[in-house]
Amino acid sequence: MKKIIISLIIALAFSFSAMAQINIGNVKKPTVPTGNNPSGKQTETKSTDNSGQNASQTQSEKTGTSSTSNNGATFYVSETTGAGSRTADGSKEKPYKDLQAAIDAAPEGSVIRVAEGNYLGKMDQGYIEVKKYLTIEGGWNTDFTEKNHTKFHTTIRPTEEIAKAGTSGSHALLDVIVKGNRKGTVIVDGIIFDMGQYNLYCKPVYDNPVASAPANCETGRIIAPGESPLGVPTTGGVSGSRQIMHGAVEGKLIVRNCIFSNAMHYGIQMENIAGHWEIYNNIFVACRMAACEVRGNGVAPETETTLKFYNNTVLFTWPRTKLLEDMGYGFRYMTRMNYDVYDNLFGCNFYGALDRTRFDSDLKRDKLRVTNAYDNLFFANRMGDICLPSGGGLWNFQPAKNFEEVEQLQKYEGNREVNSNEIDLIKKAVNDPYLKGYLGLTMSHSSSYDENSAMNTFRSAFGMNKQGTETVRVSMYGNRYPYTDVQKLWSIIPGKGAQKL
């Protein structure tokens with residue numbers, strides 16, 4: 001009996017020891033940030049540099065949106081004063097030159113402050129990858145004493161040379177794939193993304209309708225993926241499909257104070273695995289397909305998979321091809337998520353400012369989904385302010401004044417078209433040739449058939465059907481929006497759309 005009791009005591013001792021080790025291990029695991037102050041109110045925060053010295057954030061460093069709560073590590077990146085990863089340590093004194101190097105070196109929960117400059121990724125390949133929970137803050141001056149995203153421009157703008165080198169075609173400008181912690185946070189703040197130099201456009205030959213260039217536009221129409229320019233003079237890079245921001249995140253994602261311009265294939269196209277997301281105070285202009293599309297993964301219920309999309313300016317979203325047959329949406333409500341869309345400015349989106357045509361195959365689950373649109377301003381959205389299904393594969397386009405009758409919207413109050421005073425403000429801010437070209441857009445179809453052409457004679461000899469040709473010409477399609485004019489789109493209308501904070 002004594003041997004049995006002794007054996008039990010020894011076994012219990014080992015059990016308690018193992019439990020103690022497990023508990024200690026849990027305590028030692030690094031915490032991951034859970035986000036910051038999404039309201040945009042200024043708050044006094046303290047930051048810690050890489051030397052471990054705490055320093056109060058100066059008034060000039062306040063951004064209008066506070067720094068994220070983090071693990072205490074702050075890294076610095078500067079194109080002009082930084083050095084390579086072998087000599088830089090990420091401090092203010094020795095910042096990285098390469099943003100990707102800083103991301104790779106930073107531990108989970110770090111803040112990366114990025115000075116003005118153009119950042120093209122590792123060895124200038126034209127894209128940035130994020131695979132951990134952290135914060136990227138652009139818009140800092142070179143000595144990191146002031147943050148102002150409208151004054152100090154932190155950009156990711158691939159050049160024509162990078163496009164033709166073909167090293168980045170399978171990547172978005174910013175790939176964000178972060179999983180494993182539903183309490184983790186990824187923040188992207190104050191970055192200007194632009195694909196205007198990367199995309200392939202027709203040269204702006206104003207008297208040639210094939211070039212599709214309204215007078216004084218920077219370029220002719222965009223050359224969409226899979227389209228051959230057929231000898232038309234071109235300028236720029238490539239026509240391959242490529243998003244500006246793409247990926248999947250589990251946890252919280254915040255995207256704010258950014259510009260998404262001239263996207264070949266979506267401004268933002270993301271998957272929310274499970275988390276409460278916010279996309280606010282951004283400018284989307286001249287994006288092809290859609291400005292913003294975020295879908296739920298379906299792992300978590302809709303109440304745990306949400307998106308707030310607010311105070312964004314969304315202009316000139318273009319269809320899939322020059323045939324103008326589909327796509328061209330400002331914001332898309334996808335499936336398995338709840339959405340709040342409010343205080344945005346939607347203008348000149350071809351197929352509709354909002355797309356609410358998607359339904360979950362699980363109809364019971366779909367009925368639980370909440371989609372809201374309220375207090376938004378609209379103007380010149382060619383087909384309508386919201387696109388709805390109407391049965392038989394057709395679409396039903398409705399103006400803002402009818403949102404009260406849209407059964408898919410649970411909250412719908414306060415949506416309206418801009419008034420005459422607001423139109424004057426829009427005219428002052430938006431590039432005039434681009435806006436007039438869009439408002440005066442025309443399309444023409446022509447076809448020809450020569451039964452006795454050399455090609456048809458040859459096809460007939462092989463028992464093949466004879467063919468004709470069809471030509472579609474459109475006066476404008478996805479032309480590049482001038483980079484120098486994008487900054488004028490901040491604070492077009494006070495309180496609506498993206499604001500200078």
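Author: A residue is called buried when its relative accessible area is under 20%, exposed when that area is over 50%, and partly exposed in between, using a 1.4 Å probe and protein chains only. The model is predicted, so local features require a pLDDT of at least 70 and side-chain atom pairs a pLDDT of 80 or more, whereas totals for chains, interfaces and linings use all residues. Numbering starts from 1 along each chain as its sequence is written, and side-chain values use heavy atoms, leaving out hydrogens and water.

Reader: What percentage of the 501 residues of the protein count as buried?

Author: The protein has eight helices and 32 strands, which are DSSP runs numbered from the N terminus (helices H or I, at least four residues; strands E, at least two). Contact means heavy atoms within 4.5 Å, and 73% of the contacts between residues at least 6 apart in sequence join residues at least 24 apart. Of the 501 residues, the part that counts as buried is 53%.

Reader: Is Cys348 buried or exposed, and what is its relative accessible area?

Author: Cys348 is found in the loop between β24 (345-347) and β25 (352-355). Its phi is near 60°, a positive value in a residue other than glycine. Most residues other than glycine have a negative phi. Cys348 counts as buried because its relative accessible area is 1%.

Reader: What relative accessibility does Asn216 have?

Author: Asn216 lies in the loop between β12 (200-202) and β13 (234-236). Asn216 is not a glycine, yet has a positive phi of about 75°. Asn216 counts as exposed because its relative accessibility is 61%.

Reader: Which residues is Ser212 in contact with, leaving aside its neighbours within four places in sequence?

Author: Ser212 lies in the loop between β12 and β13. Ser212 counts as buried because its relative accessibility is 3%. Leaving aside neighbours within four places in sequence, its contacts are Gly220, Arg221, Val474, Ser475, Met476 and Asn479.

Reader: What distance separates the C-alpha atoms of Val210 and Val232?

Author: Val210 is found in the loop between β12 and β13, and is partly exposed, with a relative accessible area of 21%. Leaving aside neighbours within four places in sequence, Val210 is in contact with Cys202, Arg221, Val232 and Arg473. Val210 and Val232 are 22 residues apart along the chain, and their C-alpha atoms are separated by 7.5 Å.

Reader: Which residues line the largest cavity?

Author: On a 1 Å grid over the protein atoms alone, a cavity is a set of points where a 1.4 Å probe fits but cannot get out, and lining residues have an atom within 4 Å of a point. A search of the whole structure finds two cavities of 30 Å³ or more. The largest cavity has a volume of about 50 Å³, where volume is the space filled by probe spheres set on the points, with grid points joined across faces, edges and corners. Its lining consists of Asn199, Tyr201, Ile222, Asn262, Ala263, Ala286, Cys287, Arg288, Trp318 and Gly478.

Reader: Which residues does Met245 contact, leaving aside its neighbours within four places in sequence?

Author: A nonpolar core is a set of buried Ala, Val, Leu, Ile, Met, Phe, Trp, Tyr and Cys residues joined through side-chain atoms within 4.5 Å. The largest such core has 115 residues, and Met245 is one of those with the most contacts inside it, as are Ile112, Phe193, Ile268, Phe316, Phe331 and Leu354. Leaving aside neighbours within four places in sequence, Met245 contacts Ala172, Leu174, Val176, Val188, Leu253, Val255, Phe260, Gly267, Ile268, Gln269 and Met270.

Reader: Which residue has its backbone nitrogen 3.0 Å from a polar atom of the side chain of Ser91?

Author: Ser91 is found in the loop between β3 (74-77) and α2 (99-105), and at 13% relative accessibility counts as buried. Its side chain makes a polar contact with the side chain of Asp89 (2.6 Å). A polar contact is a pair of N or O atoms within 3.5 Å; within protein, one must be able to donate a hydrogen and the other to accept it, and residues adjacent in sequence count only if both atoms are side-chain atoms. The backbone nitrogen 3.0 Å from a polar side-chain atom of Ser91 belongs to Lys94.

Reader: Which residues of helix α6 are buried?

Author: At the start of α6, a side-chain oxygen of Asn431 reaches to within 3.0 Å of the backbone nitrogen of Tyr434. In this helix (residues 432-439), the buried residues are Pro433, Tyr434, Leu435, Gly437 and Tyr438.

Methods:
1 Å grid on protein atoms, 1.4 Å probe; cavity = no way out; pocket = protein on both sides within 12 Å on 5 of 7 lines; lining within 4 Å.
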